[in-house]
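Q: I have a model open and want to talk it through. Can we start with the charged pairs and go from there?

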Number of protein chains: 2
Amino acid sequence: MFATSVASPALPEALWPVPASTLRWDSQEHLFHEGDPVSAIFTIESGAVVIYRTARDGCRQIHGIRFQGELVGIGYNVTYGVSAVAVRPTSARAVSRATLDRLLDNDPTLARQMMRALTSELRRTSNLLMVIGSRTAIGRVAACLIDFSNRAADSDDTFVLPLSRGEMGDLLGLTIETVSRAMTRLKVLGIIALRRTDTVTIRKRATLLALAEEDGDGAARGRLCACSEARCTRYPPNEMTTTENRRPPVH
Amino acid sequence: MFATSVASPALPEALWPVPASTLRWDSQEHLFHEGDPVSAIFTIESGAVVIYRTARDGCRQIHGIRFQGELVGIGYNVTYGVSAVAVRPTSARAVSRATLDRLLDNDPTLARQMMRALTSELRRTSNLLMVIGSRTAIGRVAACLIDFSNRAADSDDTFVLPLSRGEMGDLLGLTIETVSRAMTRLKVLGIIALRRTDTVTIRKRATLLALAEEDGDGAARGRLCACSEARCTRYPPNEMTTTENRRPPVH
DNA sequence: CGTATCATTGAGTTTTGTCAATGACGGTGG
DNA sequence: CCACCGTCATTGACAAAACTCAATGATACG
């Protein structure tokens, strides 16, 4: 995630003049399910869409949430690789797969945009993997909050959570209860404030950031940590750094 | 992973006649590091390469391992998004980024191949996320073994592990000890046999598969499991199914 | 044959999941 | 308008899973 939070680049301008219909969904309606034949790719105009997959045992793994301007359904395949469900009333422009394919033949620029978008999608998934693979509950929740905060259009440090506790759990590989406990812990520690259960104010961003990505306290879950060859500090913070790609406060 | 294990499609033939130099690395040598400017993309000719990222706290998350015929370094970006290190002596054909970019302008087919390869990469990461996000240690190790077994060129049910316990841990979000204990448990249960610590024979594939993806016993970690909208059983097994894309036994 | 590395195993601690009860909130219908 | 109800969130007590630390075994290499 988190970390990166690079918004999927919007479709290139080249695509806009082409036939693209605007569709609407109510909250909880699906744009498509995993396995459906790919009919179109979507650019969200308003609302929010959750991307997820369901395991055979019924467990749901949320891969992320997409907001206005972001792309949904861009895997280049015959069938969708994930499911997409609106989590609030949503509208999106749909570019049909047929149209896309036609344009792709004559427009190398579009192909590059698609490749970039796919790369961005890949990075997001990778970021989530980093968070889930090696951080404790509080670190995961911290990373999640940082991410939402960075992507929210709200005023600087207060934002409305787009996901319920349960959805956050499905995103972070935790149970509802564990998410809830992590939130209260952050609240008790004065790191965040909760006006309502879904309205977060970050009070100590540096601390939250440290929990999200640094070692120590509640953050890193002891693991192999094979640093032998690791040059992780050798590079300047790149786009994986949570502090980057942060939207400037809206005034 | 796992699950899918779809080999990244090799570069399309169109690319082969173009300038591509074969390079070699010893075990533990890096093809590139995360953050390096992208110089080339690679098709492995022989050997094995581990793809990973290192978190700020030093934890390493292995994203996967790539074998002969698979692509490495295909993110379409200015810098590599992951690190790649040979885990045995490896040779690969390198197509420079400049060459690729040149070809991309005139060959929509190549662009599609790249998009497919990126989609495949994305799916692999997603599969790993599914495994790590919701399965217990034994389920993760089972999934890992199934994956290796499916991809190994060895005779049917015996194969050599390409990763050490520690590397498996870094792949699965577990410690060395937990991986080791899971392996021992599988052995004691008669599900696998270990001729040597790195030579596995699958004795009860169905059981192993169940552990890897089904509910119950050591498999599913209790989590939200929001099945409400889930149509996970509605589709026939797709490429996410571990049993598919399995290489036929080599005779 | 020693040494280094990797794997295994055990004991104890920490984290997280499970189950159950309670609380908060919003919407509906009387 | 208010009581009721359903959903979501919180909290507590306990159990299970995974990590930590430490010791021992196995294996390969020089």
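Q: Which residue forms a salt bridge with Arg97(B)?
A: Asp101(B) does. This is a predicted model. The closest N and O atoms of the pair are 3.1 Å apart.

Q: Where do Arg97(B) and Asp101(B) lie?
A: Both lie in helix 1 of chain B, residues 97–106. They are four residues apart, about one turn of the helix.

Q: Is Arg97(B) buried or exposed?
A: Arg97(B) is buried, with a relative accessible area of 16%. Buried means under 20%, so 16% qualifies.

Q: Which residues do salt bridges with shared partners join into one network?
A: Glu70(A), Arg124(A), Asp147(A) and Arg151(A).

Q: How many salt bridges over all chains?
A: The count comes to 28.

Q: OK, across chains now. What does Glu213(B) pair with?
A: Arg56(A), in a salt bridge at 3.3 Å, N to O. Glu213(B) sits in helix 6 of chain B, residues 205–213, and Arg56(A) in the loop between strand 3 and strand 4 of chain A, so the pair joins two chains.

Q: And the accessibility of Glu213(B) and of Arg56(A), what is it?
A: Glu213(B) is buried at 12% relative accessible area. Arg56(A) is partly exposed at 37%.

Q: Which residue of chain A meets Glu34(B) in a salt bridge?
A: Arg123(A), at 3.4 Å, N to O. This pair also crosses between chains. Glu34(B) is in the loop between strand 2 and strand 3 of chain B, and Arg123(A) is in helix 2 of chain A.

Q: Are Glu34(B) and Arg123(A) buried or exposed?
A: Both are buried.

Q: Switching to domains. What is the assignment for chain A?
A: Domain 1 covers 3–130 and domain 2 covers 135–240. Their contact takes 19 residues from domain 1 and eleven residues from domain 2.

Q: How much area do domain 1 and domain 2 of chain A bury between them?
A: About 1400 Å², with 52% of it on carbon and sulfur atoms.

Q: How many salt bridges and polar contacts link those two domains of chain A?
A: Two salt bridges. The polar contacts come to six residue pairs.

Q: Which elements of chain A supply at least two residues of the domain 1 side?
A: Strand 4 (60–66), strand 6 (83–96) and helix 2 (108–134). Strand 4 gives the largest share, seven residues. By type, the domain 1 side that touches domain 2 has eight nonpolar, five polar and six charged residues.

Q: What does Arg60(A) pair with?
A: Asp170(A), in a salt bridge with the closest N and O atoms 2.7 Å apart.

Q: And in chain B, what does the side chain of Arg60(B) contact?
A: The side chain of Asp170(B), in a polar contact at 2.7 Å. Arg60(B) is in strand 4 of chain B, residues 60–66. Arg60(B) is buried, at 13% relative accessible area.

Q: Backbone next. What is the phi of Gln28(A)?
A: About 80°, a positive value, although Gln28(A) is not a glycine. Gln28(A) is in the loop between strand 1 (21–25) and strand 2 (30–32) of chain A. At 46% relative accessibility, Gln28(A) is partly exposed.

Q: What about phi of Gln28(B)?
A: Near 80° and positive. Gln28(B) lies in the loop between strand 1 and strand 2 of chain B. Gln28(B) is partly exposed, at 47%.

Q: Last one. How many helices and strands are in chain A?
A: Six helices and nine strands. Of the 251 residues of chain A, 60% count as buried.

Methods: Residues numbered from 1 in each chain as written. Chains lettered and ligands numbered in written order. Predicted model: local features only at pLDDT ≥ 70, side-chain atom pairs only at ≥ 80, totals over all residues. Heavy atoms only, no water. Domains from an automatic or database assignment. Contact = heavy atoms within 4.5 Å. Buried area = accessible area lost by both parts, 1.4 Å probe. Salt bridge = Lys/Arg side-chain N within 4 Å of Asp/Glu carboxyl O. Polar contact = N/O pair within 3.5 Å; in protein donor to acceptor, adjacent residues only side chain to side chain. Nonpolar A, V, L, I, M, F, W, Y, C, P; charged D, E, K, R; others polar. Buried < 20%, exposed > 50% of the residue type's maximum accessible area, 1.4 Å probe, protein only.
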